[in-house]
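This short report describes one chain of a complex. Keep the sequence and the 3D view at hand while reading.

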Amino acid sequence: MAHPLLSVPGKAKRGEIVEIKALIQHEMETGFRVTNDGKTIPRDIITEFLCKYNDEEVFRAQLFPAMSANPFLSFFTTATESGTIVFEWSGDNGFFATASASISVE
Amino acid sequence: MERRQRVFRDRLCEHLGRVTRFVLIALLLSLSGPAAPGEIPLAERKSSYELMGPDTRAMQDDDAANPGMLWVLDGEALWNRREGAAGKSCADCHGDAGASMRGVAAHYPAFAAGRASPVNLEQRIDICRAERQQATPLRFESRELLALAAYIGFQSRGMAIEAPAEERVQPFLQAGRAMFTQRQGQLNLSCAQCHDDNWGQKLAGAPITQAQPTGYPLYRLEWQTLGSLQRRLRNCLSGIRAETYPLGAQEYVDLELFLMWRARGMKMETPAVRP
C-alpha cells in the first residue's frame, strides 16, 4: 500500500509558475535502529525521486536516511504546455512507485 | 513558665481548629458549585490545532500534504475489500461510507449490542470483523485498523462531537472523570493538573494542550505515523511515570468517553496533524 498523493493544478496560464506537491507513504527505515534483542533493522528508504513534464525532467531529488517517514516534496515549475506530469519514486529492496497527473495550459 | 506554655498550646489548637473548619467549609462550597474547580468553561475550549505553528496547520489543512490522508485512502480500499469466512466487505452491509458512517465517529465510545460496557471505534470495527465478517480481529495500532478508523473518522470531519446521552453511560463517564482527576505515577500528577489547570503554558518548550480528542486517529510528526487516542493516553501515562494499561483496556475507553464528553460540541478534525 504505497499511495502517492499529488497536488498539481488542473489548469494554468502559459508561462505561469505552478507549485507541485507530492506525498508518498513509506516507512523510511533509517538502518540505524536496533530491535530489542540488538539486531540492526536493515535500511529501507526511498533513494530517488524524479518528476517529468511531458518526458522532460523538471525535478530530481536524492533522499537519505535523515528524511522523515512519508516524504513530502514540494517544488515549482513553469507551465509550458498541456500534458502529463509523471512522478517516480525508487528505493531500497526494489521499491518503485509511479503516479501521474494532467495539466492543461492555455 | 509551665502555665504560659499550656496557654500557648491551647491557643494554637483553637487556631488550628478554626483553620480546619474554614478549609472544610471552602471545600464543601467548591464541591456544590456549578463547575468542578479547574474545569475549562465551554466557551474557552480550544483544539490543539490552535496552539500549533502555521506550518503544521497548513499541513493539516491541505489534503494533498496531510499524511493522515494516506491512511484514509488505505481505509477506503479496506472498506471495500471482502474479508473473512463470510466473504463480506464493510461496504456489503454499510454501503457508501460517506452516507452510512457520517457522524458515527463523533459519538464514540458507545455501547455495542450485547455488551455491558462502552467500546471505542477501533473495538467496534473489530466486533464487526469478528461477528459479521468472521475474520480475525485486527491488532490495536495495526496499519489496517488505524486506516479503517481514519476512514470512518474522516466521514465526520467538521461535525460536532456528540455527548453521550444514555443513562447507562454515566458510571463509565464518572470512572473516566475520576481517572482524569486522579494523581498517579511517580510524578504524582493528574491529567487535570496539566490539561485543565495549566493549558497554554509551556512544558519543555512545547505548549500544554487542553487534551481535546478532536482529531483521532491523527498523524503525529513525532511518531512519524498515524496513532490512536489510546496510544496518546499511554504516552501521557508513561510521561508521568505511571503504569500503562494494555491497549483496549476499559480504563482507556472510560477516559476516552470522558474526554469526548468534555469536548462535546467541538468540531471533528480527523485525520489531524500534530507536532
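This is a predicted model: local features need pLDDT of at least 70, side-chain atom pairs count only at pLDDT 80 or more; totals for chains, interfaces and linings use all residues.

## Confidence

Among the elements of chain B, helix α7 (residues 143-154) has the highest mean pLDDT, 97, while helix α1 (residues 2-32) has the lowest, 50.

For chain B as a whole, the mean pLDDT is 88, with 86% of its residues at 70 or more. For the complex, the predictor gives a pTM of 0.85 and an ipTM of 0.88.

## Overall make-up of chain B

Chain B contains five strands and eleven helices. It has 275 residues, of which 33% count as buried. Of the contacts in chain B with a separation of 6 or more, 72% are between residues 24 or more positions apart.

## Two helices that cross

Two packed helices are described by the distance between their axes and the angle between them. In chain B, the axes of helix α8 (residues 170-181) and helix α11 (residues 250-262) come within 7 Å and cross at roughly 90 degrees. Angles of 65 to 115 degrees count as roughly perpendicular, so α8(B) and α11(B) are roughly perpendicular to each other.

Which residues of α8(B) and α11(B) meet? On the α8(B) side they are Phe172(B), Leu173(B), Ala175(B), Gly176(B), Arg177(B), Met179(B) and Phe180(B). On the α11(B) side they are Glu251(B), Asp254(B), Leu255(B), Leu257(B), Phe258(B) and Trp261(B). By class, this contact of α8(B) with α11(B) has nine nonpolar, three charged and one polar residues.

How values were computed. Residues are numbered from 1 along each chain as its sequence is written. Chains are lettered from A and ligands numbered from 1 in the order in which they are written. pLDDT is the predictor's confidence in each residue, from 0 to 100. Helices (H or I, at least four residues) and strands (E, at least two) are DSSP runs, numbered from the N terminus. Axes are lines fitted to C-alpha atoms, for helices over the stretch in contact, and angles run from 0 to 180 degrees between N-to-C directions. Angles under 35 degrees count as roughly parallel, over 145 as roughly antiparallel, 65 to 115 as roughly perpendicular and the rest as oblique. Two residues are in contact if their C-beta atoms, placed from the backbone, lie within 7 Å. Ala, Val, Leu, Ile, Met, Phe, Trp, Tyr, Cys and Pro count as nonpolar, Asp, Glu, Lys and Arg as charged, and the others, Gly among them, as polar. A residue is buried if 20 or more other C-beta atoms lie within 10 Å of its own, exposed if 12 or fewer, and partly exposed in between; C-beta atoms are placed from the backbone.
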